[in-house]
Amino acid sequence: MIELTAIIDSAQDAFAGAITPAELENAKALFLGKSGRITELMKGMAALSVDEKKSRGAAINFAKQSIEAALNSRRQALADLELQAQLRAEALDVTLPGRQRGQGGLHPVSLTLERIESIFASMGFDVAQGPEIESDWFNFTALNTPEDHPARSMHDTFYVEGGSKTAPNLLRTHTSPMQIRYAVKHVKKYSNVVNAGEGQSLFSGEMPEIRVIAPGRTYRVDSDATHSPMFHQCEGLWVGENVSFKDLKFVFTDFCRTFFENDDLVLRFRPSFFPFTEPSAEIDIQFPSGPLAGRWLEVAGSGQVHPNVIRNMGLDPEKYIGFAFGMGPDRLTMLRYGVNDLRLFFDGDIRFLSQFQ
Ligand code: DAH
């Protein structure tokens, strides 16, 4: 009997030590299999007397049942463990927030450009787009900046390979070439002038006024907290028979006050030099209150369009006159939102950009 108790104990130990169903079945074979220990004991009974068989048989049966019970409970335990592991692996937290489609938004500079366009559109300005790879002629020469003119050194130009003086050979350093491009196209609609510019006949007939803004990307070899090799400009041009510096002051003042939603904004037209305007002025603004109050902040260059530029538009400067300006939408965006490093706009950091939505 002691022997049987020992077999039951060792079966229980073996089953407890089995940690997979396969190990458990192997352990079962050691006790209940064809040559398992219980089976061997049964075989040994053949030689016993009838009485001995009865008592011995009952004891072996009891041991066998105990072992089977231990086996079944271990099987159940292993099945439970497996189920739990599976449940853990497939766990689904229904309280997690759903996955959302990321919402995009316009870049702060795009918001500014849209704002500029709608303000000028309300004053009757057309909006024009032009090439960023420009020719020497449109970027400089037609704008009264001949090849050896020192004003060219005001712009640190990116040149591209394979261009020529008249074919695109540089990245435009400003949006001013759009003055010429747009005006030439406009003039052609109302005149027979085929090639505006040097030696060509100039248009002095009737035509609707030229009133346009040209926003877009511009490029210069420059990079620090307030300069980026790629930046934005927005050109403005108004040419007609009777357009004066007074109109420039009115239009630009109205624009700035609308843009910054501040009717007390003060503007200053500070004498300056640009080859394509005469006289020329830089435009500074001053906020009456807020963190920037009291400081003059430069926002644009401007002036009365130079007669040579009017001529390169194909127009007779004796008849046509107007003003132009070029402003920096990046700077306007910085002022409007209180951003002090231009590079933030072009780093593409979503944490910065998402604040403008
Ligand atoms: N193109 C000039 C620049 O990039 C800005 C400018 C000045 C534009 C005067 C104009 C203007 O149209 O009249 O610095």
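For the class counts in these legends, Ala, Val, Leu, Ile, Met, Phe, Trp, Tyr, Cys and Pro are nonpolar, Asp, Glu, Lys and Arg are charged, and the others, Gly among them, are polar. We're looking at a predicted model, where local features need pLDDT of at least 70, side-chain atom pairs count only at pLDDT 80 or more, and totals for chains, interfaces and linings use all residues. Residues are numbered from 1 along each chain as its sequence is written, and side-chain values use heavy atoms, with hydrogens and water left out.

**View 1. The lining of the largest pocket.** Its residues split into 14 nonpolar, 16 polar and 9 charged. A pocket here is an open set of points on a 1 Å grid over the protein atoms alone, where a 1.4 Å probe fits, with protein on both sides within 12 Å along at least five of seven lines; lining residues have an atom within 4 Å of a point. Arg220, Phe231, Gln233, Glu298 and Gly328 lie nearest the centre, out of 39 lining residues.

**View 2. Polar atoms around the ligand.** Look for the serine 176 side chain, with an N or O atom 2.9 Å from a ligand nitrogen. Glutamine 179 has a side-chain N or O atom 3.1 Å from a ligand oxygen, while at alanine 324 a polar backbone atom is 3.2 Å from an oxygen of the ligand.

**View 3. The second largest pocket.** Of its 18 lining residues, Leu292, Leu297, Met334, Leu335 and Gly338 are closest to the centre. By class, this lining comes out as 9 nonpolar, 6 polar and 3 charged.

Definitions and conventions. A polar contact is a pair of N or O atoms within 3.5 Å; within protein, one must be able to donate a hydrogen and the other to accept it, and residues adjacent in sequence count only if both atoms are side-chain atoms.
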